[in-house]
Amino acid sequence: MTNPLGPDFALLAHDTPPLRPVRSAVVAEWPEGTFLENLAPAPTYPGSWLVTVTSHNRIDRVDPGGKHDTVVELPNTVTGIATTDLGTFFLTGVLGAPGWQLARLDESAAGHATVCDVPDLVLGNGLTWDGHRLLAVDSGLGHLVAIDPVARTSSVWLAHELLTKLNPETPLPGANGIAVHQGWVYLTNSERAQLLRCPVASPSPSGELEVVAERLAGDDLDIDAQGRIYLATHVHHSVLRLDPDGQRTDVAGIDQGVAGATSVALDPLDPTALFVTATGGLLSPPEGGVQPARLVQLTLDR
């Protein structure tokens, strides 16, 4: 396997599955050099999506026609974003440094309000809602932080060796993406090329963290009602589907516009629609060079 990061970095093997592309459409594009990190549905504007533009410290909203506008600009990086019954929340801070915060987005006013400091984050990444609280991944420290946006408190909920990196010098993160499905928290460790899970209801899940799949370098992920897991593979330029029986299939690749795929999210209004953010291959340029950053819609098999 060719190392997508080049010969200077050791990389755990990623088993590239067969590519069976589903129907795809580029919804929106940004200039080359734009790093899109995460996405969430825009509750105030049905059919639209909120995209965190990490390279430019902002959140953009993309309407169904592909037009995108900046909703809010921030003084620091913005990474994870999650839409919940309580509103849309996001993580912001300086990459690799303390001082991170959880903020609530106000779409209608094109503004935001700080909810609380999150002192246990130095590199906030994936963010999700488990029905009662927000769970935030720290890719720098290799742990998971639980945040109560009502009480405005946070604490480390899960710390485990499997969430850390093997090689601190590699540009790939350790713990990265997060999703909750049927009582389980699913996590990716990009650098270790593992998919992990633990019970969401456990008060202390460190001893219950288990490996679901190996040799699978995922970034962000989402899970459909049938238990099929969709993962953005980032440096491998694909969206991978992991079936409950363990079968793996790439459902999109470079030709479908997902070079540098960072995040995936199922459309709450249409379970056959999967939206993907892609950097164009900034971290690991594909053959032919870096492409524009994109939001892509995939139409999944029923």
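Trainee: What is the strand order in the open sheet of four strands?
Mentor: The order is 1-24-23-22, with antiparallel pairing. Strands are DSSP runs (E, at least two residues), numbered from the N terminus. Two strands pair if DSSP finds at least two bridges between them. One caution: this is a predicted model, where local features need pLDDT of at least 70, side-chain atom pairs count only at pLDDT 80 or more, and totals for chains, interfaces and linings use all residues. Residues are numbered from 1 along each chain as its sequence is written, and side-chain values use heavy atoms, with hydrogens and water left out.

Trainee: Which strands stand at the edges?
Mentor: Strand 1 (23-30) and strand 22 (261-267). Each has a single partner strand, so one side of each is left without a neighbour in the sheet.

Trainee: How many bridges join strand 22 to strand 23?
Mentor: Six, and the two run antiparallel. Strand 23 covers residues 270-278. Leu266 stands opposite Leu274 in strand 23.

Trainee: New topic. What is the count of aromatic pairs?
Mentor: One, with ring centres of Phe, Tyr or Trp (its six-membered ring) within 6.5 Å. Trp49 and Phe275 form a tilted pair, 4.7 Å centre to centre with 35° between the planes. Planes under 30 degrees apart count as stacked, over 60 as edge-to-face and the rest as tilted.

Trainee: What does that pair tie together?
Mentor: Trp49 lies in strand 3 (residues 49-53) and Phe275 in strand 23, so the pair ties together parts 226 residues apart in sequence.

Trainee: Are Trp49 and Phe275 buried or exposed?
Mentor: Both are buried, meaning under 20% relative accessible area (1.4 Å probe, protein chains only).

Definitions and conventions: Buried means under 20% relative accessible area, exposed over 50%, partly exposed in between (1.4 Å probe, protein chains only).
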